[in-house]
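Dear colleague,

I am handing over the structure below, and my notes on it follow. Please read them with the coordinates open beside you.

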Amino acid sequence: MHVLFEEDGAFKPATILTQTDTSLQVETPHGKRVKLKTANVLMRFDRPAAGDLMAAAEREAEGLETEFLYEVCGDDEFAFTDLAQDYFGHVPNAVESVALLLKLQASPIHFHRKGKGRFRKAPPEILQAALAGLEKKRLQQETVERYASELEAGRLPPEVAAIVTQLLVKPDRNRLETKGVELACERSGRTLPQLLLACAAFPNAHAYHRARFLSEHFPDGIEFPPHEVPAPVHALSRADVRAFSIDDATTTEIDDAFSITPRATGGWHIGIHIAAPGIGIPQGAPLDAVARKRLSTVYMPGDKITMLPDDAVSAYTLSEGRDCPAVSLYVDVNADYSIAGHSSRVEIVPVIANLRHHDIEPWFNETTLAAELPDAPWRDELKLLWEFATVLEAGRGKPSANQNAFDFNFYVDWDVETADGPGLVDIQRRKRGSPLDKLVAELMILANSTWGRVLADAGIPAIYRAQTGGRVRMTTAAAPHDGLGVDCYAWSSSPLRRYVDLVNQRQLIALLSNEPAPFGKGSAELAAAMNDFELAYAAYADYQRQMERYWCLRWLRQKGPDYQPEGHVWRENLVRFNDIPLVVKVPSLPNLDAGTHIRLAIERYDDLAPDLVARYVETLAPDADVLTTDEEDGL
């Protein structure tokens, strides 16, 4: 004798071994022995064999019609064996009974379970709603399949195209388009970026990276809202100086300039002049809201997204040939370059020249300074500022780090079409810590530390950059910056491109104008601006590094398929390229000392990562331009 019972939602036949009035010991066709309560037995039968029942019942169930069963059963609760007798018109055998049970179990929207082997037909209105739901799901699944099939074939459905940016940052997995994309990724073995690029959702990998960044950080686009650029709110006196700036050729947001005026008692008044949008864009103004939202200019090779609109930048940038509003720090410098005092004022500064690195560095560099500088405009001023900067650096006790390291400038010619899309990239290596770098850096450190101390002494809160115990952080309280060797450091020198600098400038302008500061002590708004800036600034810097890495791959491909770049071992299997700022893992690298000069072969590029696969080729003779490990650890 055999029985049918239910276990874990499945119907199972078994053969009776022993039984009592309340329980049975049975054995399944697979040899498993189970103790059952008599009440849990759904049906007893003597044939077919227990191992043959379910297969035969499943075949029989294929001929049963769910809708007909629904029509013939009554409205009351029923046992499956009773319905089987009514349906077949005779006492059903085991196969017929189990076939009908399987059919009822497989149609929960038609038949609601009420107990072991017992059911009740669903009310008509509930059944119709359930059937409508099933039809909706069927149509939705067809839509998902259609999306997936088109994507796998390299076609981008319009519905998916409409939400591409959402897919990149915050996909809604309840949407059919998202489900179709995920199904296509699963079936094709592609990542989302690979799939979208294959379907021409983006013309190239550069467009993908840009779209992803903008979707996350500029969801409303990068266009500025309609606005007016207000003029300075103060009547300002004109300084009797001849100011000049020093910047890279691509710089348009010229924040700083310098001037030198001889003192009657000997020495000089050295002026550090900072562009002053804070006197025309007050706290809470419409343009301030724009800057508060963006928090910083975003830099990337060949492009940038400015914190302020172009007309606002043009109104306050320190362009040559113009009288420009500025906040000036005048440092009284003795003939031995010691500082006798300082003062600050808000004024109009005549900017005579915008000097550019590429014009100056050929004749103003370490070699020419060690010999004799040629006769050139601004020669004497630059030399004096450099000598003053050297004294400032020594006074901080923090000599410039990484003197043998290099910086890299990226230039992209968007008018040139390449196999990778628009943009021919040129990467130029420039030695770090040049005289011009030191000159500008030291004067900016002097301005930021001096103004930070002025605000702290006046009890006016500001945003400081501090470093203690090796950890760099931002704070609204004056604190030492051990890395720079100053007792406080308030970013104030780039108000056209960093929001914290603009905030600090307004606090300083208020102090110099004898007006209440926009932010008072304990200002929650000031702390919020600082925290938001720190997050945004880090995200923008990450994007800049990612895009520099992408353009490094483009640069390598421009060299041709046979180009084998040189690099040096950084540590373990990490290699830093010599001519571009790129560090990659090289699994085939043998055990070599850090700093070893090597040659690599590029096997594969992945612009979407962005990354590449490189192979070790050979060890080369030492290169004098290669950085040491210690120097690189400080990068």
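Val 333 lies in strand 14, where helices (H or I, at least four residues) and strands (E, at least two) are DSSP runs numbered from the N terminus. This is a predicted model, in which local features need pLDDT of at least 70 and side-chain atom pairs count only at pLDDT 80 or more, while totals for chains, interfaces and linings use all residues. Residues are numbered from 1 along each chain as its sequence is written, and side-chain values use heavy atoms, with hydrogens and water left out.

Val 333 counts as buried because its relative accessibility is 0%; buried means under 20% relative accessible area, exposed over 50%, and partly exposed in between, with a 1.4 Å probe and protein chains only. Leaving aside neighbours within four places in sequence, Val 333 is in contact with Arg 263, Gly 266, Gly 267, Trp 268, Ile 270, Ser 338 and Phe 388, contact being heavy atoms within 4.5 Å. Phe 111, by contrast, is 222 residues from Val 333 in sequence and 95 Å from it in space, C-alpha to C-alpha.

**The chain as a whole**

The chain has 19 helices and 24 strands. Its radius of gyration is 38 Å, whereas a compact globule of 635 residues would have one near 26 Å; the radius is taken over C-alpha atoms, and the globule rule is 2.2 Å times the number of residues to the power 0.38. Taken along the principal axes, the C-alpha atoms fill a box of roughly 125 × 65 × 50 Å.

Of the 635 residues, 48% are buried, and among contacts with a separation of 6 or more, 64% join residues 24 or more positions apart. The accessible surface comes to about 30600 Å², with 49% of it belonging to carbon and sulfur atoms; areas come from the Shrake-Rupley method with a 1.4 Å probe, and for residues only the protein chains shown count as cover. The chain carries 66 positive and 92 negative charges, whose mean positions are 5 Å apart. Here Lys and Arg count as positive and Asp and Glu as negative, without His and the chain ends, and each charge is placed at NZ of Lys, CZ of Arg, CG of Asp or CD of Glu.

**Nonpolar cores**

In soluble globular proteins, nonpolar side chains tend to be buried together. The largest nonpolar core has 128 residues, of which Phe 244, Phe 258, Ile 272, Leu 382, Phe 388, Leu 443 and Leu 582 touch the most other members; such a core is a set of buried Ala, Val, Leu, Ile, Met, Phe, Trp, Tyr and Cys residues joined through side-chain atoms within 4.5 Å. Helix 18 (residues 524-558) supplies the largest share of this core, 14 residues. A second, separate core of 31 residues includes Met 54, Tyr 70, Phe 78 and Ala 84.

**Backbone geometry in the loops**

Most residues other than glycine have a negative phi, and most peptide bonds are trans. Asp 8, although not a glycine, has a positive phi of about 55°; Asp 8 sits in the loop between strand 1 (2-7) and strand 2 (10-19) and counts as exposed, with 79% relative accessibility. Tyr 337, also not a glycine, has a positive phi of about 70° and lies in the loop between strand 14 (322-333) and strand 15 (339-356), yet Tyr 337 is buried, with a relative accessible area of 16%.

The peptide bond from Arg 47 to Pro 48 is cis, with omega near 10°, and Pro 48 is in the loop between strand 5 (41-45) and helix 1 (50-61). The bond from Ala 609 to Pro 610 is cis as well, with omega near -20°, and Pro 610 lies in the loop between strand 23 (597-606) and strand 24 (611-619). Ala 609 is partly exposed, with a relative accessible area of 46%, and its C-alpha atom is separated by 64 Å from that of Tyr 87, 522 residues away along the chain.

Thr 476 is found in the loop between strand 19 (471-475) and helix 17 (499-512) and counts as partly exposed at 32% relative accessibility. Not counting residues up to four places away in sequence, Thr 476 touches Ala 462, Tyr 464, Leu 526, Ala 527 and Met 530.

With best wishes
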